[in-house]
Amino acid sequence: MIYVNAISSLPDDLAKKDELYSEFIPPMAARRMGPSLKDSIVTSVLALRDSGISMPDAIVVGTGLGCINNTEKFLKEMIDNRERMLQPTAFINSTHNSIAAQTAVYLKCHSYNCTYSHNGISFESALLDAVMQLELGRIHTALVGAQDEFLPDGHCAVTFALSDQENSSTLCAVEDVTVFRTVDDSYFGDRLDAFLERNALDLSQIDRIFSDSRLPDGIPFTPITCRRTLTSPAIALETACRELAGQNSSDVSKTWLTINTFDNRDMSFILIRK
Amino acid sequence: MKDKAIYVSGMGVISALGTGVEAQFSALKEGRSGVGEMRVLNSVHREIPVGEVKADNRTLCGILGLEYDEGIPRTALLEAISVKEALSMAGLGDNAPSGIALVSGTTVGGMDKFEQNRAEITINTCGCACDLTLGLFPQIDFATTVSTACSSAANALMFAADLIRTGRYEIVVAGGSECLSKFHLNGFNSLMILDSHNCRPFDAGRAGLNLGEGAGYLVLESGRSLRSRKAAALCEFSGYGNACDAFHQTASSPQGDGAFLSMTKALSMSGLRPQDISCINAHGTGTVNNDLSEGKALERVFGCGKVPPVFSTKAYTGHTTSASGGIEAVFCILSLLHDFMPKSLGFSTRIEDLSFEPVRQASWDCGLTHVLDNAFGFGGNDSSMIFSKISG
């Protein structure tokens, strides 16, 4: 079994975020880092602390737009200076993988390290990577992050601590993850059926469905309201995990599903259980 | 066919050496570099040598039988050309059944379009590079994108293998694609790690890397699937490992800690001993830092004086960054299939601090059975893969 043993996410409030940054990141280093680097470090440290994991076996990050602030900065300088006399700092911290990599540098973590960037399923791809390696027994713990920088329409900064061991901080179990691409409308139903069948379930046994996006008619679900970014499916999962963990074990509905149909093309199902 | 093994059943590649697997093999045999004068990229830095695919986007569209569309990123075109060859070689071209996954590695993504028209970053993401391929090949029904800088394609291949290992897919096409962009050319230039001449991997006088572009994809497949469709495998993808150097965003640790770990993990998964490795296609970029650090890591894994033959193909293609793990995986498989090691172009003088020098001459009848392939990225995202001849 794969357990969510902690989740750490950051508030939208910039002042509160700055407070957290200064608590964990030396000011000199923080100045060079874009928001996602700092968010990933802070949420990773907090998720590790809350889950009781000292050093993760994997750091996997999903990001839709990567380090967009530093990307824009280097690009602007390049265009303005006509490709001359450029400082490398913004470039160095512009690659998508610098989020997971700088988190590893901060934690001095030599474990598996990977980054996914595929539009609306960036986070679920990262989650799937960690889940597969946990299933295979290759790793025992993982940090899985969803990071997208503050844009006018929202941001995402969430890190999940996964483990193959349950402990006192466990919120819920992740039963299965699938990510797919829709060919046409009927395909969604086929894939949902196949996913449920793979887990020996039918739709009537799913007690609650969460989604941050619109679902086809006839599937009742709890909408997640957040300012959407490419990685906001992670916020839907966070909400579902926290609510499930908060349920009374006696009266609880036990099998929940999150569905992401973010861009009506790339989609995902994540099955969680108390 | 072993039940739990991952096989390679097709491969495709496009690089500065040409279009298609055969073009690469000819250049590698002849020791011919594709690095030279910049012709396609519209940068002011014409003085910097690059490994360009010698075709503009209109010509690339033509290869795919498409009408020219200036909105398609070059990375997407390179990817589609390479995936098409790989699927066709595997016998999974037109009319192949659906249910194939695509795992692609890129970092530049649609940056070439974004640097032309800055309003479009949200559509020219890394993931957008797959759209063309998905549109052209209905047999592919899932795609995702790995972005770990210069090890992207290698990590894409590993994730793809795990999709098969966990029973989620039987066939996955995976690798990487990257076009040259002004953005990363200027980025590497600002780091002062570009050689103003052709690069010289593992040479004492090495002075940096040349950037290149291209795409390389493999069709990975389960033994069960190969048996059921009576298809042949080119080789086995017998081991892989990923580790983080956790040292610096753009520099490798002096003793190659991440590289040591990634090679050790790959050996461990394959069940092979260091002495079983026949040769190594090194990351070998030609930068002062990489080649020494990687060399030290090789000595730690294999022992001083016991490092198997090492070659780098970066002086042929340039450093194709996110695509390099895919393109060089194809080169490793060519080595296995033809029992051949290419000359490590650009080398003349051994690095004093290393106990080995790279392969000086193209070599045949080498008795190759297991080839180790390294791909390391910014951020210390280090990956190693082992490709093995099919026994029996």
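Begin by selecting Leu157(B): setting aside neighbours within four places in sequence, its contacts are Ala174(B), Gly175(B), Leu218(B), Gly325(B), Ala329(B) and Met385(B). Two residues are in contact if their C-beta atoms, placed from the backbone, lie within 7 Å.

The model is predicted: local features need pLDDT of at least 70 and side-chain atom pairs count only at pLDDT 80 or more, while totals for chains, interfaces and linings use all residues. Residues are numbered from 1 along each chain as its sequence is written, and chains are lettered from A and ligands numbered from 1 in the order in which they are written.

A residue is buried if 20 or more other C-beta atoms lie within 10 Å of its own, exposed if 12 or fewer, and partly exposed in between. In soluble globular proteins, nonpolar side chains tend to be buried together.

**Strand E1 of chain B**

Next, select residues 6-15 of chain B, which form strand E1. Helices (H or I, at least four residues) and strands (E, at least two) are DSSP runs, numbered from the N terminus. Of the 10 residues of E1(B), 10 are buried, so this strand is largely enclosed by the rest of the structure.

Which strands pair with E1(B)? Two strands pair if DSSP finds at least two bridges between them.

- E8(B) runs antiparallel to E1(B) and is joined to it by 8 bridges; Tyr7(B) has Glu221(B) in E8(B) as its bridge partner.
- E9(B) pairs with E1(B) in the antiparallel sense over 2 bridges; the partner of Val8(B) in E9(B) is Cys235(B).
- E2(B), residues 18-19, runs antiparallel to E1(B) and is joined to it by 2 bridges; here Ile14(B) has Thr19(B) as its bridge partner. A hairpin links E1(B) to E2(B) through 2 residues.

**The two domains of chain B**

Colour chain B by domain: domain 1 covers 6-228 and domain 2 covers 236-388, with bounds that come from an automatic or database domain assignment. Taken over C-alpha atoms, the centres of domain 1 and domain 2 of chain B are separated by 20 Å. Their contact takes 64 residues from domain 1 of chain B and 55 residues from domain 2 of chain B. On the domain 1 side, the elements that give two or more residues include E1, helix H1 (21-30), H6 and strand E6 (171-178) of chain B. H6(B) provides the largest share of that side, 7 residues. By class, the domain 1 side divides into 33 nonpolar, 24 polar and 7 charged residues. Ala, Val, Leu, Ile, Met, Phe, Trp, Tyr, Cys and Pro count as nonpolar, Asp, Glu, Lys and Arg as charged, and the others, Gly among them, as polar.

**Where chain B touches chain A**

Now display both chains. How many residues of chain B are in contact with chain A? There are 46, and they meet 45 residues of chain A. Elements of chain B that each supply at least two residues to this side include strand E5 (140-146), H6 and helix H9 (257-270). The largest share, 6 residues, comes from E5(B). This side of chain B has 17 nonpolar, 23 polar and 6 charged residues.

**Chain A**

Finally, select chain A, which has 9 helices and 10 strands. Its radius of gyration, taken over C-alpha atoms, is 19 Å, close to the 19 Å that the globule rule (2.2 Å times the number of residues to the power 0.38) gives for 274 residues, so chain A is as compact as a globular protein of that length. Buried residues make up 55% of its 274 residues.

Colour domain 1 (2-163) and domain 2 (172-273) of chain A separately. Their C-alpha centres lie 24 Å apart. The contact takes 30 residues from domain 1 of chain A and 24 residues from domain 2 of chain A. On the domain 1 side, H7(A) supplies the largest share, 7 residues.
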